[in-house]
Amino acid sequence: MENVLNKEIKTIIDACPEVGRILDEYGIGCVPCSVGSCLLKDVVGIHNLDPQQEATLMYRIEKAIYPDRKVSEPVIDTTKKSAPKKITYSPSVRKLVDEHVLIKRLLALIPTIVDYIESSIKVDKDLVLKCVDFIRTYADKYHHMKEEDILFRYVDEKADIIQVMYKDHDTGRGYIRLVVEGAEKGDKALIKENMLAYRELLTQHIKKEDEILYPWIDRQLSTTQVGEMFRKCNEADASVGEELPKKYEKFICDLEEKFLQEVAK
Amino acid sequence: MSGCPGSRTIDFSEKTDLEGSETGKRPSQLRQWPIQMHLVSPQAPYFQGKDILLAADCTAFSLGDFHKDYLKGKSIGIACPKLDSDQEVYTEKIRALIDDAKINTLTVMIMQVPCCFGLAQIAKEGAEKASRKIPVKQVVVGLEGNILSEEWI
Ligand SMILES: [Fe+2]
Ligand SMILES: [Fe+2]
């Protein structure tokens, strides 16, 4: 079992898809991950299961990989206490979670926006570029930069889960470049394809952060670090001014109003 | 069962599930004097920029590892929200700690009895009056010295 623990999760699932299904039962969604280079031991550790669950999970995985091997019953390590299940974020992490809410409101509108673009005669370039501006300025500059420049610095940046987050941010930037290209060329298909891809990517990305990554980082922070991070995040917010988040919140409200009417028509 | 839960008599001297070790000497983590909220001054050097623990008097006697797990690395003020007088002074001192001493964080540690939540209230009011904002955490200790909850508020 020891050497399985140190294997990359994708290699394990490729060789034994049953492991993917078992992990899924425990709310550990590694199967659709684009990278899959996390080690099995880290995957399990990061999810902070209670000792009973963790032991049973490891037992089932070992059984699935080595059906012929006599696997001993799960041993429960009660010294490893897991944090209470209710997620309570530290204040700056809480704010990042709240920012996700505004980003998710845009993601929710994307299918309607894409339909609207597809059915209109000429591409509404202004609308596309305004959405791009929200994504680039609010989601990327305002939000992702705090993650990359402040939050991720408090943990091992080489950790696979952090690398996956960086990669997601980059992939997203790539999609948005193509959306802009589509808008310049009036290429509806290019806009549609990349806006939908961005929506799918960010939906999963935000879920991973809210449920797994942020709680994992919070568990490692000392009280002193929580205070320090709070100060740094506030400074970062102050550097862009308090008008910026207000402006983009209004943009989303207006967009919702426009497209909810569109749907009602 | 009647009367105030804060002063109701409970005897758990029969408690047997005593995990942990009694070996080794643990040093005190206290790095200041005084500690009582009426006696401390927010101008004291040991508060400047620090992480502060505002502890209800009873918590330190209830928690076995108070020094090691909670006091270590912090400066402290202690108070009893049930018995102390002139508690508006406490609120003002919390405000001054945040605005003037520019403390990094505030952790309020209280007992689970209802009257003890008054201390958390004092901390919240002090923090609201302050113009600086800092993270405030609430830790609730059970009567038998267990941690019931620990969260940023
Ligand atoms: Fe992110
Ligand atoms: Fe995020």
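**Stop 1: the two iron ions**

Select A:Glu147. A:Glu147 bridges the iron ion (ligand 2) and the iron ion (ligand 1). The two ions lie 3.3 Å apart. This is a predicted model, in which local features need pLDDT of at least 70, side-chain atom pairs count only at pLDDT 80 or more, and totals for chains, interfaces and linings use all residues. Residues are numbered from 1 along each chain as its sequence is written, chains are lettered from A and ligands numbered from 1 in the order in which they are written, and side-chain values use heavy atoms, with hydrogens and water left out.

Now show the donors of ligand 2. The iron ion (ligand 2) is coordinated by A:His100 (NE2), A:His143 (NE2), A:Glu147 (OE) and A:Glu209 (OE), at 2.0 to 2.2 Å. Donors are N, O and S atoms within 2.8 Å of the metal (3.2 Å for Na, K and Ca); water is not among the atoms, so sites may look incomplete.

Turn on angle labels. The 4 donor atoms around the iron ion (ligand 2) subtend angles of 84 to 163°, so the arrangement is irregular. The cut-offs: four donors count as tetrahedral if all angles lie between 85 and 135 degrees; four count as square planar and six as octahedral if opposite donors are over 155 degrees apart and all others between 65 and 115; anything else is irregular.

Along the chain, the donors of the iron ion (ligand 2) follow the spacing H-x42-H-x3-E-x61-E. Colour two helices next. A:His100 sits in helix H6 (residues 91-119) of chain A and A:Glu209 in helix H9 (residues 188-220) of chain A, a pair 109 residues apart that links distant parts of the chain. Helices (H or I, at least four residues) and strands (E, at least two) are DSSP runs, numbered from the N terminus. Both A:His100 and A:Glu209 are buried. Buried means under 20% relative accessible area, exposed over 50%, partly exposed in between (1.4 Å probe, protein chains only).

**Stop 2: A:Arg173 and its partners**

Select A:Arg173. A:Asp140 forms a salt bridge with A:Arg173, the closest N and O atoms being 2.7 Å apart. A salt bridge is a side-chain nitrogen of Lys or Arg within 4 Å of a carboxyl oxygen of Asp or Glu. A:Glu148 also forms a salt bridge with A:Arg173, at 3.3 Å between the closest N and O atoms. A:Glu148 lies in helix H7 of chain A and A:Arg173 in helix H8 of chain A, 25 residues apart.

Check accessibility. A:Asp140 is buried, at 14% relative accessible area. A:Glu148 is buried too, at 10%. A:Arg173 counts as partly exposed, at 21%.

**Stop 3**

Go to helix H10 (residues 223-240) of chain A, which holds A:Glu228 and A:Lys232, 4 residues apart, about one turn of the helix. Their side chains meet in a salt bridge (3.5 Å, N to O). Then select A:Lys95, A:Glu99, A:Lys146 and A:Asp237, which are linked in a network of salt bridges. The whole structure has 28 salt bridges over all chains.

**Stop 4: chain B against chain A**

Show the contact: 12 residues from chain B and 12 residues from chain A. Contact means heavy atoms within 4.5 Å. The area buried between the chains is about 870 Å², of which carbon and sulfur atoms give 59%. Buried area is the accessible area (1.4 Å probe) that two parts lose on being put together, summed over both.
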